[in-house]
Amino acid sequence: MKITRLFEQGVFVVTSEVGPIKGAVSRDKTIHPTCAREAMFLQHNVHAVNVTDNQSAVMRLGSLAASVLLKDKGIESVYQLTCRDRNRIALQSDLLTAYSLGIDNVLLLTGDHIQLGDHKEAKPVFDLDSVQLLHMAMGLRNGYDITGHPIENPPDMAYGAVVNPNFDPIELQLIKMRKKVDAGAEFFQTQAVYDEAVFDRFIDKAAVMGRPIQLGVVVLKSPQMGKYMNQNVSGIMVPQSWIDEIGSVDKADRKKKAAEMTGRLVRKLKDRVQGVHIMPLGWTDVVPDILAHAGIEVKRLAFAA
């Protein structure tokens, strides 16, 4: 099921995400990998589950394999595909494969830089950028590969993209967002937002582009995580007030506090977006509490229609 159908029906779309395991899936079908167990928990609380693509440039099980694994378990997945590790031949082939294996939703993005990950000697590819990737995906949908050759049975999936409200100057990010819209992006998920004022300067200008936007939130687990993100993750700024608040409680209480803080932000901003994308970074058990604090009830009737 394409999640764009939910947006079309006016449903507030809730997604979360899992990272594929660093390892292979067992041949013993009774053994579920961690990412599958997390997704099986999340499926009762969200409409779909993103599957990251070697997130933070850390080598893991392929996002397509994990997306299909979730799909086979009845969990709607959003297959993430980045430009970092593949040239245009591999990217097109993976999109055709994804559709052939039953995937309905794809998030197309650039990918984290190699220097963030665990294979710093690897050569980044970036044959295409994220805008070109969207153009290419739309070409496949219309029946042609990137060189103009016709293809058999064009893939018809929902294509989303990412936008960063934290970018300064925001005008440059809005120009890139417009390019993605023109290239065919059907919905957007934002990078992590922590600051209401930062989101304010972004959302009104972004909303006029006429595409559904999901507010992206990353669960802040500790003050150390906040400081690390500020020092190492480009384009994301965790306010000192967040770092102080998560650090104000003992470690044993941080999940509860993180859910409260994240839910509070989502509650403030939810009326200005068409959905929320919660990135729990392994703390999938806090997602229901975040939604409760945010006052969000996941509606499923329209999704089944």
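Predicted model: local features only at pLDDT ≥ 70, side-chain atom pairs only at ≥ 80, totals over all residues.
Lys-257 has a relative accessibility of 14% and counts as buried, because the cut-off for buried is under 20%. Glu-260, at 28%, counts as partly exposed.

Select Lys-268 and Glu-196, which form another salt bridge, with 3.7 Å between the closest N and O atoms. Glu-196 is partly exposed, with a relative accessible area of 32%.

Next, select Arg-86 and Asp-53. Their side chains meet in a salt bridge at 2.8 Å, N to O. Arg-86 is in the loop between β3 and α4, while Asp-53 is in the loop between β2 (48-51) and α3 (63-72). The two residues are 33 residues apart, and the pair links distant parts of the chain. How accessible is Asp-53, buried or exposed? Asp-53 is buried, with a relative accessible area of 3%. Arg-86 is buried too, with a value of 14%.

For a group of charged residues, select Lys-2, Arg-141, Asp-156 and Glu-186. Salt bridges link these four residues in a network. A search of the whole structure gives 21 salt bridges.

Now hide the side chains and show the strands. Which order do the strands follow around the barrel? Eight strands close into the barrel in the order β1-β2-β3-β4-β5-β6-β7-β8, with parallel pairing. On average, neighbouring strands of this sheet are turned by 25° against each other, direction ignored. Strands of a sheet pair through backbone hydrogen bonds, either parallel or antiparallel.

Zoom in on strand β6, residues 187-192. Five of its six residues are buried, so β6 is largely enclosed by the rest of the structure. Look at β5 beside it: four bridges join β5 to β6, and the two strands run parallel. Select Val-162 to see a residue that stands opposite Gln-189 in β6. Then turn to β7, residues 213-218, which is joined to β6 by three bridges and also runs parallel to it. Gln-189 has Gln-214 as its bridge partner in β7. Ala-192 has Gly-216 as its bridge partner in that strand. From β6 the chain crosses through α7 to β7, and this β-α-β crossover is right-handed.

Helix α6 lies across β5, β6 and β7, and runs at about 175° to β5.

For the last stop, select helix α4, residues 88-100. Which strands does α4 lie across? They are β3 (77-82), β4 (105-109) and β5 (158-163). Helix α4 runs at about 170° to β3. With β3 and α4 both in view, return to the loop between them, where Arg-86 is found.

Note on methods. Residues numbered from 1 in each chain as written. Heavy atoms only, no water. Pairing = 2+ DSSP bridges. Axes fitted to C-alpha atoms, helices over the stretch in contact; angles between N-to-C directions. Contact = heavy atoms within 4.5 Å. Buried < 20%, exposed > 50% of the residue type's maximum accessible area, 1.4 Å probe, protein only. Right-handed = clockwise from strand over helix to strand, strands pointing away.
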